[in-house]
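Hi,

Here is the structure you asked for. Have a look at it first, and then read on for what turned up.

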Amino acid sequence: MENKPSDLEVRYLKVKLKILRSSMSEGGLKTGGINSNGESTSTHSRNSSSETDSLSSDEGDQGPTDRIRVLLQLLKYLRCGRDISLAEALPLVQRLIKTVEQLKMLDEAAQLSEWTLDISFGLLESGTGTYAQVSESFTHFAVRLTAAGHYGAAIAVAKDHVANCRKVSELEPTKWLPELALALRNQAAALHKLGRHNEEIKAIVESINAHERHAGYEEPTHFRSADYPLLHPHLNTALALNNLSRKLHSCSRYDDAVSASSASVEIFRRLSHTPSAENLSGLAVSYDILSSPLIGLERYEDAIKAMSESTDVYRKLAKEQPATYSADFARISGKLSTQLTNMGRYEETFKLLEDTISIHRQSIESDIPGLRNNLAASLIAASSTLCLLERYEEALTAATECVSNYRRLQNGSSTVFIVELAFGLERLAWSLHKLGHNSAAIPNLDEALQLLSSNKVDIKSDRYTLARGACLKTMTACLSHLGQHRRAIETGTEAAEIAYTLWTKNPHLYAYEMADYQLHKSRALHRSGELQMARTSAEMSVRMYKKLAKGFPLRYTEAADAAKEHLAELMMALEERENAEKLLDGSDCQSLDRTRS
């Protein structure tokens, strides 16, 4: 972005409200006649037979429209009275569009994009333009309408673009099938914003078909601008299949999503025989996308295999080009470590994290900026895994190094890493708690909670909520062991409320927090002698752990048994021996089926 707009751009901004909007009221944005479902009343759809043919329109709409004449008058004004031709107008308007986009004036950018479409048609009809210009103007117009939130209008423009591309692609498929696929992609993006998922999927599938048809031609055409480059036709097919897989996964159509991403993997595997960073990263992305619907189908071992393939590729790329691929390697290795942890394979998890940390250390030693966060995030994960392995001294060391790295990052950026630093402090405190150093843990938790109270933190984000809940849960455990039962109950109650809020938003993702935080709250209540309230929380924890253990027995069975033993102890204290015995014997206890607030 330029530091200072040019004189032309400044003059434009000064007169835009007076001239641009008055011209809109005179000529009217053509998309204004589009209903809420995106049904088109646009006049942009032209009958096309070839690039050089005149694209005929309704009688009386030959040549530049009234709105083009208004635009030319505007540009003439900005050029101090010098007449502007259509050919000169096009790059000027494109420059103005970039300026208003930099200033976040998205509606104005969309309005000006419609003018570029008018100019492109005008140039084509005068014999001095090409349909390539028209097609690119369609693309820009649809994209900017979507960015401005005019989704129905964007759908209509994309439909017009699709209709035109279908016609010309039948005559010149080598050249226009990629354009048809791009127009369908824009249509799908707008349909997604309106929640019309079935139509979106249909558009994506048709775009894949267009790419596959194009892949049958030996010489792909490259005539697009740098903003919308055309890639190898097979690569385009694979990218579209990945897009389809993501969409199918979001609609819980896991089997179909697996089929789409598997097809993408096969294409990238063939392309990777010609080794390039682009082909290899595409293969890694496809394996990553494949793992998600596999998890949805509870095919966890297959998902781990797919994530391992992705991790191996990204590891190679991160070693060769750390500045470009370290973040991707950190993300996918973190995803794999989470899945391995869920399967109870803690030693494998730690071995993976050790390798990840080693690569991140090498990146930092090479003085590549912006990569310290990847190291710190991996250290957090390593500390958590070491706690699961009951290697608490090593967990403390990893957490201490993590906090040190986040302090350096937070000093340079007062807002970006506050929540992550709080997470690091919580892991440090948890390690101290497990080593019995509860008094030493509390100052770290106080600092973390103070950081999270800053007005610089986005308190609406789930990441913030999760960090605060984790700090309060660990504080509850420390205070309870120090005999500060009343304060422990307060922090435990707040932590449990946070877990419930997260769980109601995403029961699958936050079930563990719900179970764990309720158990800590119950133990604090138990130590203070409030047995009935402790039992209520313990029952909820047992129910949640029971569900978790069904999906991931190796990780959660031991925790579920500990929760059951705690509940049984409470039942015995409440003189419910029979219920306690049934619970420990594995029989369903009536008390666990009751709904409690």
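Helices α19 and α21 run roughly parallel to each other, because the angle between them is about 25° and anything under 35 degrees counts as roughly parallel. Bear in mind that this is a predicted model, so take it as such. For orientation, α19 covers residues 462–481 and α21 covers residues 511–527, and their axes lie 10 Å apart. The crossing of the two is left-handed.

If you want to click through the residues that touch, α19 brings Leu466, Gly469, Ala470, Lys473, Thr476, Ala477, Ser480 and His481. From α21 you get Glu513, Asp516, Tyr517, His520, Arg523, Ala524 and Arg527.

On the α4 side, the contact is made by Leu106, Ala109, Ala110, Ser113, Glu114, Thr116, Leu117, Ser120, Phe121, Leu123 and Leu124. Facing them on α5 are Tyr131, Gln133, Val134, Ser137, Phe138, His140, Phe141, Arg144, Leu145 and Ala147. Sorted by class, the contact of α4 with α5 has 13 nonpolar residues, six polar ones and two charged ones.

Now the chain as a whole. How many helices and strands does it have? The count is 25 helices and zero strands. The chain has 597 residues, and 52% of them count as buried. Taking contacts with a separation of 6 or more, 64% are between residues 24 or more positions apart.

Are Cys165 and Cys387 buried or exposed? Cys165 has 0% relative accessibility and Cys387 has a relative accessible area of 9%. Buried means under 20%, so both Cys165 and Cys387 count as buried.

Cheers

Methods. Residues are numbered from 1 along each chain as its sequence is written. This is a predicted model: local features need pLDDT of at least 70, side-chain atom pairs count only at pLDDT 80 or more; totals for chains, interfaces and linings use all residues. Side-chain values use heavy atoms; hydrogens and water are left out. Buried means under 20% relative accessible area, exposed over 50%, partly exposed in between (1.4 Å probe, protein chains only). Contact means heavy atoms within 4.5 Å. Helices (H or I, at least four residues) and strands (E, at least two) are DSSP runs, numbered from the N terminus. Ala, Val, Leu, Ile, Met, Phe, Trp, Tyr, Cys and Pro count as nonpolar, Asp, Glu, Lys and Arg as charged, and the others, Gly among them, as polar. Axes are lines fitted to C-alpha atoms, for helices over the stretch in contact, and angles run from 0 to 180 degrees between N-to-C directions. Angles under 35 degrees count as roughly parallel, over 145 as roughly antiparallel, 65 to 115 as roughly perpendicular and the rest as oblique. A crossing is left-handed if the near helix is turned anticlockwise from the far one by less than a right angle, and right-handed if clockwise.
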